[in-house]
Amino acid sequence: MQDDPVLSEVPAEVGVAKPDPILVVDGVTRRYGGLVAVDVDHLEIQRGVITSLIGPNGAGKTTFFNLLCGFDKADGGIWTFEGDKANGVKPHELARRGMVRTFQLTKTLGRMTVLDNMLLAGSAQSGEHLLKALVKPLWKAQEQANIERANDLLARFKLDHLANEYAAGLSGGQRKLLEMSRALMAEPTLVMLDEPMAGVNPALTQSLLGHVTALRDEGMSVLFVEHDMDVIMTISDWVVCMAEGRVIAEGRPADIAGNPAVIEAYLGIDHGGATKGVIK
Amino acid sequence: MSWLSILALALQTAVGFQAAWYALAAVGLNLHFGYTGLSNFGQVGFLLVGAYGVGIAADQGWSIWVGFGLGIGAAVLLGLALGIPTLRLRGDYLAIVTIAAAEILRLVANARPSEPITGGSQGIGGLSKLGFYRPNFIPSGRYGIGNSFVFNSRQLWAMMWVWGLVILATLLVRALVRSPWGRVLLAIREDEDAATALGKNVVVYKLQSFVLGGTIGAVAGSFVVLYDGAVSPTRWIAPLTFALYTVVILGGAGTVWGPIVGAVVYWFILDVFDGVLNNMWFEVSNTQAGAIRLALMGIGLMLLMIYRPQGILGSKKEMLAGAR
C-alpha cells in the first residue's frame with residue numbers, strides 16, 4: 001500500500017472530488033437492450049497515482065473501461081480527459097492525446113517483430129504519411145531515434161534479446177510485458193491496463209507490479225482493471241469498486257478492505273452473521 | 001507436339017503479356033490482401049473501370065492519356081465509394097461488397113441502356129486509334145528461340161510497358177511497406193484494435209491501401225484492352241479475381257516479389273497443363289481442356305495450401321507466427 005499524501009485528505013465516498021483529476025466522468029451509461037451494463041454518476045481519477053477498478057464478474061468494469069477510451073459507444077454521459085471533452089472522441093484520437101490502453105487478451109502483432117511492435121507505437125511519425133513514406137530522408141532520423149528509445153524500453157522490460165523475433169513466438173508473460181512496454185512507447189499520460197495480471201504466474205506478477213509502480217513514479221497516471229485482491233491492495237493508491245454497473249465504493253485500499261458494500265458485492269449478502277470476512 | 005515445344009510455349013506465356021498483366025493486377029491485390037489484410041474479392045472491378053476508361057476514350061475520340069486518367073479516376077472513386085462505408089466494418093463486409101460491386105459494374109457495362117457509352121454486350125472496338133502501338137520502335141518480325149518461344153514486335157512492345165509497370169509498382173510497394181506507413185498496414189492486418197489503441201486511424205490507412213491497390217489494378221485493366229484492341233464486358237468476371245488470388249498466394253501473400261513469381265509460375269503451369277491435355281494425352285476439345293486445366297489448377301492450389309501455405313517466396317516462420 002502506498003502512503004500517498006495527495007489523496008490522504010480525500011474522504012472515501014462515492015463520487016468524491018479529487019485535488020487534480022486527469023479524467024472526470026459524469027453520468028455515463030451503457031445499455032444492452034434492457035440490461036444496464038454501466039451507469040456511473042460521477043467519478044474522478046486523480047493524476048499521477050495508481051487507481052484500480054475492481055468488482056465481481058459482470059460488474060461492468062471492462063465495459064466502462066472500453067467506453068472511457070472510445071472503444072465502445074456510451075448511450076449517454078460526458079467525460080473529460082485533461083480537461084478536454086473525451087466523450088464521442090474516436091479511440092485513436094484519445095490515444096494520441098495520451099490515453100493509451102492495453103487489452104485483457106494481449107494484442108501483440110504476431111507476424112511483426114518485437115521491435116516493429118514497439119516502433120509502431122511511436123507517436124507523430126512523419127513516415128506514417130503515405131507520401132512522406134516514399135522519401136526516406138524525411139523520416140530516417142525520427143525512425144533512428146525511435147529505434148533507440150524502443151531498445152531502451154525493451155531492455156527495461158528484459159525483452160531486448162527478442163527484439164528481432166516475431167512477437168507470436170513470445171510466451172504469454174512476455175506478451176504482457178511487450179504490450180505494456182509498447183503502451184509506454186506511445187508516451188502516454190494516462191495508462192489504462194485491462195487486467196494486466198490475468199493468467200500470469202506469481203513471479204511475473206511481481207515483475208509487472210514493479211513496472212506499474214515505476215510508471216507512477218515517473219509521473220504517469222495509471223488506471224487498471226483487476227480481479228486479484230492481493231495485487232490491488234499492494235499497489236493501488238485509490239480503489240474504485242463497481243457492481244452491477246455502478247460505482248458502489250471508492251477509497252484508499254484500507255477503506256475498501258473493510259467496506260461492507262464491497263464485501264457484499266464480492267461474497268453475496270451476509271445473511272447469518274457467522275462469517276466475518278475481511279478482504280485483504 | 002513435343003514436350004520441348006509444350007514447355008517453350010508455356011514459357012512464352014509465362015514471361016509474356018498475359019503473365020505481365022496478371023502480375024500487375026496481383027501487385028495491387030497483394031497490397032490489399034497480403035499487407036493490409038483486406039479481403040477484396042472485387043479486384044476485377046478495378047480492372048474493368050481501367051479497361052473501360054481507355055475504351056470510352058477511344059470511342060469518344062479522346063487521347064490515350066485521357067483514357068488512362070478516366071480509368072484511374074474511376075478506380076479512385078470506386079475505391080472511395082466502396083471503402084468509406086465498408087472499411088469501418090469488419091473484414092467480411094468488404095468481401096461481400098466488393099464481389100457484388102464488381103458484378104454490378106460488369107452487368108451495367110453489359111446492359112442495353114449503357115450501349116451509347118460502354119457499347120453494351122458488344123463492348124468497344126477500335127482501340128488501335130488511341131495509338132498505343134504507334135511509338136513502337138521495335139522492328140516488325142519474330143523474336144525468340146525455336147518455333148514456340150517467339151514474340152512479335154507488338155507483343156514485345158506491350159510486354160515492355162507492362163513488365164516495366166510491374167517493376168515500378170513493385171518497387172513502389174516495396175518502398176511503402178518498408179516505411180512506417182507500411183508498418184501501420186501490417187499492424188492493421190494483424191490486429192486493428194491494437195493499431196487503434198496506439199493512435200492509428202485505421203480507416204484512413206485501409207482506405208489509402210484500398211485505393212492505391214485498386215488503381216494499380218485499373219492500370220493493368222487499361223493495358224489489357226490496349227493490347228487486345230477491344231473492350232468486352234465478358235472478360236471481367238469474378239473467376240478472374242480468384243485467379244489473381246491464386247497468383248498472390250502462389251507467389252507468397254505479403255511478399256514484395258510474390259506477385260511476379262506467382263504470375264509467372266501460374267501461367268507456366270497452366271500452359272503446361274494445356275499443352276499436355278491438348279496435344280499429348282487424349283483428344284479433347286479446347287473447352288474441355290480449359291475446364292480440366294482449371295480443375296488441375298484447383299488441385300494444385302490445394303496441395304500448395306497443405307504443403308506450402310506461405311507460397312513460393314513466403315517465410316514459413318512468418319506463416320507459423322500467424323497461426324498462433
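1. The buried residues of helix H3 of chain A pack against helix H4 (140-156) and helix H5 (172-185) of chain A, together with H8 of chain B. This is a predicted model: local features need pLDDT of at least 70, side-chain atom pairs count only at pLDDT 80 or more, and totals for chains, interfaces and linings use all residues. Residues are numbered from 1 along each chain as its sequence is written, with chains lettered from A and ligands numbered from 1 in the order in which they are written.

2. Stay with H3(A). Eight of its eight residues are buried, so the helix is largely enclosed by the rest of the structure. Buried means that 20 or more other C-beta atoms lie within 10 Å of the residue's own; exposed means 12 or fewer, partly exposed is in between, and C-beta atoms are placed from the backbone. The buried set is A:Val114, A:Leu115, A:Asp116, A:Asn117, A:Met118, A:Leu119, A:Leu120 and A:Ala121.

3. Confidence next. Chain A averages a pLDDT of 88, and 94% of its residues score at least 70. pLDDT is the predictor's confidence in each residue, from 0 to 100. Within chain A, helix H3 (residues 114-121) has the highest mean, 95, and helix H9 (residues 260-267) the lowest, 81. Helices (H or I, at least four residues) and strands (E, at least two) are DSSP runs, numbered from the N terminus.

4. Now the sheet of chain A. It is open, has four strands in the order S2-S1-S4-S5, and its pairing is antiparallel. S2 and strand S5 (84-85) of chain A stand at the edges with a single partner strand each, so one side of each has no neighbour in the sheet. Two strands pair if DSSP finds at least two bridges between them.

5. Strand S1 (residues 21-32) and strand S2 (residues 35-46) of chain A pair in the antiparallel sense over 10 bridges. A:Pro21 has A:Gln46 in S2(A) as its bridge partner. A:Val25 stands opposite A:Leu43 in S2(A). The two strands form a hairpin with two residues between them, and A:Gly33 in the turn has a positive phi of about 60 degrees.

6. Chain B has 14 helices and two strands. Its radius of gyration is 20 Å; a compact globule of 324 residues would be near 20 Å, which agrees. That radius is taken over C-alpha atoms, and the globule rule is 2.2 Å times the number of residues to the power 0.38. Of the 324 residues of chain B, 51% count as buried.

7. Helix H5 (residues 91-110) of chain B has 20 residues and reaches 29 Å from first C-alpha to last, close to the 28 Å expected at 1.5 Å a residue. The expected span is 1.5 Å times one less than the number of residues. Its buried residues include B:Leu94, B:Val97 and B:Ile99. Their cover includes helix H3 (43-60), helix H4 (64-86), helix H6 (115-118) and helix H11 (238-251) of chain B.

8. Finally, the interface. 25 residues of chain B are in contact with 29 residues of chain A. Contact means C-beta atoms, placed from the backbone, within 7 Å. On the side of chain B that touches chain A, H8(B) gives the largest share, seven residues. By class, that side has 11 nonpolar, six polar and eight charged residues. Ala, Val, Leu, Ile, Met, Phe, Trp, Tyr, Cys and Pro count as nonpolar, Asp, Glu, Lys and Arg as charged, and the others, Gly among them, as polar.

Conventions. Contact = placed C-beta atoms within 7 Å.
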